[in-house]
Structures are given as structure tokens and as C-alpha cells.
Amino acid sequence: DFLEAYLKDRNYQKLKDGLALLSSESISKAIKEDIRSIISSNKVPDTIRNNKEQLVLKEEEKKNIRGKIEKHVDGQLNTYQTEGVLWLHQMRLNKTGCLLADEMGLGKTIQVLAYIASSELTCQHNLVVCPASLKHNWELEINKFTPQLSSFIDIVTYDHLRINIEHYSK
């Protein structure tokens, strides 16, 4: 409940006996407690619960990925962007879902494109689901940085996906 309030940008949470005002510290504490209870339950995949057993990209694999990025991406990634791409590969290696999140304008789109261009997904069909306001930006970024991927990436808006969910679920 606290996490939901936080995600909805509310500084309060309705309780059975009233209303709780939330400070950023109390929200952080509640989220950590929620995460601990989720991790200790059996609802979390073992790859998340037992993160000590995670597979790690070897230096040779990292070098290979960096080489593919240089070869297949028209543009220079910043160090933190390359690290983001390596992290996406790490998550894929461990079959772990992930979320690439950052401030606007710091290059999440190019990181995803570089990830696709440097992975086995290059010749597979990829689906990008984004707000309608970002669809044009995705198209521009694909054409600018990875034009070879344009026929392998479908960009759809949330509404378009919702309306055509049967088509995309195939």
C-alpha cells in the first residue's frame, strides 16, 4: 500500500483508522520492509532471491559486447550508457526481468537500441511499447543510431497495444 501511494506520487496512505502522512523517510522504510517480505516469500523467482548465485559476464564477453556496440551503433555511448547496456546483458544472462530507469534525456532509448544491436535479438522481432508522445522519438532514434534495426522493431503505444492485444500476444 505504501509503495502504491509512492508510485502514485501521494504523500499519504489511507489506513483503517485514519490517514497516515508519509515523509520520504517513512516511504523508503515501508518500501524496504515490503521488499523484504516479498523476497522472503515464495513468490519471487530464485534468481532474484538468491542473487549471490547470479551469473556474471566475463571480461571477454564484455569486450565482445563493446565491440558489437561500436560496430552496430552509429554514435558514441557515454561510459554510463555502455555500463547500462552491459547491465541489460547481465540481466538477460540471468533470465531476470529489469527496468532501465533514469532522468529524461540521459539516453535510455539508445541504451536499449545498443542492447538489441549487440545481442542475439538483432535479427529477431522486437516490440517497444511507449507513450504516444514518445513514438516519434523512438522512430527518430532508431533511424539515427541503428537504422539496420528498423525492420526488426515495432513501436506501439499503450493504447494501440491494449486495443490489439490479441495480435501482439502472438
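Good morning. The structure holds 5 salt bridges, a salt bridge being a side-chain nitrogen of Lys or Arg within 4 Å of a carboxyl oxygen of Asp or Glu. This is a predicted model, in which local features need pLDDT of at least 70 and side-chain atom pairs count only at pLDDT 80 or more, while totals for chains, interfaces and linings use all residues. Residues are numbered from 1 along each chain as its sequence is written, and side-chain values use heavy atoms, with hydrogens and water left out.

Helices (H or I, at least four residues) and strands (E, at least two) are DSSP runs, numbered from the N terminus. An α-helix has 3.6 residues a turn, so residues three or four places apart point the same way. K62 is partly exposed at 22% relative accessibility, whereas E59 is exposed at 56%. Here buried means under 20% relative accessible area, exposed over 50%, and partly exposed in between, with a 1.4 Å probe and protein chains only.

The next pair is E83 and R66, whose side chains meet in a salt bridge at 3.7 Å, N to O. E83 lies in helix 5 and R66 in helix 4, so this pair ties together parts that are 17 residues apart in sequence. E83 is partly exposed at 41% relative accessibility, and R66 is partly exposed at 30%.

I turn now to the core. Which residues of the largest nonpolar core touch the most other members? Of its 23 residues, they are I69, V73, L77, V85, I153 and I155. Such a core is a set of buried Ala, Val, Leu, Ile, Met, Phe, Trp, Tyr and Cys residues joined through side-chain atoms within 4.5 Å. Helix 4 (59-72), helix 5 (79-93), helix 6 (108-117), strand 3 (126-130), helix 7 (132-145) and strand 4 (153-157) each supply at least two residues of this core. The largest share, 6 residues, comes from helix 6.

Helix 6 also holds Q111, which counts as buried because its relative accessibility is 2%. Leaving aside neighbours within four places in sequence, V85 is in contact (heavy atoms within 4.5 Å) with Q111 and with I65, I69, L77, A114, Y115 and S118. Under the same exclusion of residues up to four places away, Q111 touches Y80, Q81, G84, V85, L88, L100 and L106.

Finally, helix 7. In this helix, W138, E141, I142 and F145 are buried. The face turned away from the buried side carries the exposed residues A132, H136 and K144. What covers the buried residues includes helix 4, helix 6, strand 3 and strand 4.

K135 forms a salt bridge with E139, the closest N and O atoms being 4.0 Å apart, and both lie in helix 7, 4 residues apart. K135 is partly exposed at 30% relative accessibility, and E139 is partly exposed at 32%. K135 and V156 are 21 residues apart in sequence and 7.1 Å apart in space, C-alpha to C-alpha. Thank you.
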